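Please examine the structure shown below together with its sequence. The briefing that follows is arranged by topic.

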Amino acid sequence: MARIHFRSKKKIGLALSGGAAHGLAHIGVLKVLEENDIPVSLVTGTSVGAIIGALWASGYKADEIYDIAEGIRKKDILKINLPKKGIFSLSKLEEIIKGYIPHNSFESLEKPFGCVATHLNSGRALYLTQGPLARAVAASCAVPVVFSPVEIDGESYVDGGLVENVPVGLARHMGASRVIGVSLDHFYDFDENPDTIFRIMAHSIYLLGRRRKRSKRDDEGDIVVTPAIDKIDYDGLDRLEELYEKGYQAAKKVLKKIESPFVVTRR
């Protein structure tokens with residue numbers, strides 16, 4: 001019995017959520033999509049989802065992104081500031097992104113890509129889909145207080161997770177008619193007190209997102225992939241293998257739903 005994939009006229013969007021180091025689970029999801037030839041037309045990301053989404057949209061495969069993540073340590077990303085607007089600057093992250101994506105442009109990516117940041121003054125979402133790529137991704141990652149806000153066109157922006165943690169709205173805005181959302185916060189809860197400023201702020205953003213979900217039903221996609229992450233460790237880059245596997249298994253679990261619009265079976 002053969003399974004034949006065909007290209008749907010509909011645009012399939014992939015929306016990768018924020019979640020700091022938990023976002024390493026996204027790489028496992030990407031691996032499943034690649035193995036099964038899922039025709040993703042466009043990619044969106046928030047925070048860590050923006051980093052991984054930008055790399056995938058630029059042409060890197062899941063295995064290559066895994067190798068990149070394996071070689072990066074916290075010290076490679078963080079640059080200490082005088083604490084006026086934030087303890088750390090994301091300038092090192094920008095340089096890393098430019099190193100892997102030298103053209104540094106949304107327009108030159110292999111797949112359409114967008115990321116979400118939060119306008120610091122108004123609290124509104126900014127959808128970034130064109131112009132310099134590295135700065136936009138850094139803005140999407142700028143957890144308040146931990147990182148300095150990132151300036152774009154003279155305005156200050158912070159972490160997109162404050163307004164759209166699973167950027168399904170952006171994917172639909174970009175033309176996706178069907179969206180696969182990857183949400184990282186369905187299983188875990190607080191089992192210990194956060195003990196660093198980064199964890200305190202990351203937990204705070206998570207709580208704000210939870211409160212927003214209670215007040216209105218967030219659009220997390222037509223199909224939602226929910227890696228079973230039960231341990232909170234937002235800066236745990238050493239958990240790459242475990243988080244990758246959780247993302248991989250979660251995507252496999254809903255693979256039939258993902259495939260259904262564009263797979264036919266021939267006996």
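**Helix 3 and its surroundings**

The buried residues of helix 3 pack against helix 1, helix 2 (48–57), helix 5 (91–100) and helix 9 (240–253). The model is predicted: local features need pLDDT of at least 70 and side-chain atom pairs count only at pLDDT 80 or more, while totals for chains, interfaces and linings use all residues. Residues are numbered from 1 along each chain as its sequence is written, and side-chain values use heavy atoms, with hydrogens and water left out.

- Helices (H or I, at least four residues) and strands (E, at least two) are DSSP runs, numbered from the N terminus.
- In helix 3 (residues 62–71), the buried residues are Ala62, Ile65, Tyr66, Ile68 and Ala69; buried means under 20% relative accessible area, exposed over 50%, and partly exposed in between (1.4 Å probe, protein chains only).
- These residues lie on the same side of helix 3, because they cover an arc of only 160° around the axis; the arc is that of the directions from the helix axis to the C-beta atoms.

**Strand 3 and its partners**

- Six of the seven residues of strand 3 (residues 40–46) are buried, so the strand is largely enclosed by the rest of the structure.
- Strand 2 (residues 12–16) runs parallel to strand 3 and is joined to it by five bridges; two strands pair if DSSP finds at least two bridges between them.
- Within strand 3, Val40 stands opposite Ile12.
- Strand 6 (residues 113–119) also runs parallel to strand 3, with four bridges joining them, and Cys115 in strand 6 is the bridge partner of Gly45.

**The nonpolar cores**

- The largest nonpolar core has 66 residues, and those with the most contacts inside it are Leu14, Ile27, Leu33 and Phe113.
- Such a core is a set of buried Ala, Val, Leu, Ile, Met, Phe, Trp, Tyr and Cys residues joined through side-chain atoms within 4.5 Å.
- A second, separate core of ten residues includes Ala15, Val166, Ala176 and Val179.

**Tyr248 in helix 9**

- Tyr248 lies in helix 9 and is buried, with a relative accessible area of 16%.
- Tyr248 and Gly28 are 220 residues apart in sequence, yet 4.0 Å apart in space, C-alpha to C-alpha.
- The side chains of Tyr248 and Glu35 make a polar contact (2.7 Å); a polar contact is a pair of N or O atoms within 3.5 Å, where within protein one must be able to donate a hydrogen and the other to accept it, and residues adjacent in sequence count only if both atoms are side-chain atoms.

Technical notes
Contact = heavy atoms within 4.5 Å.
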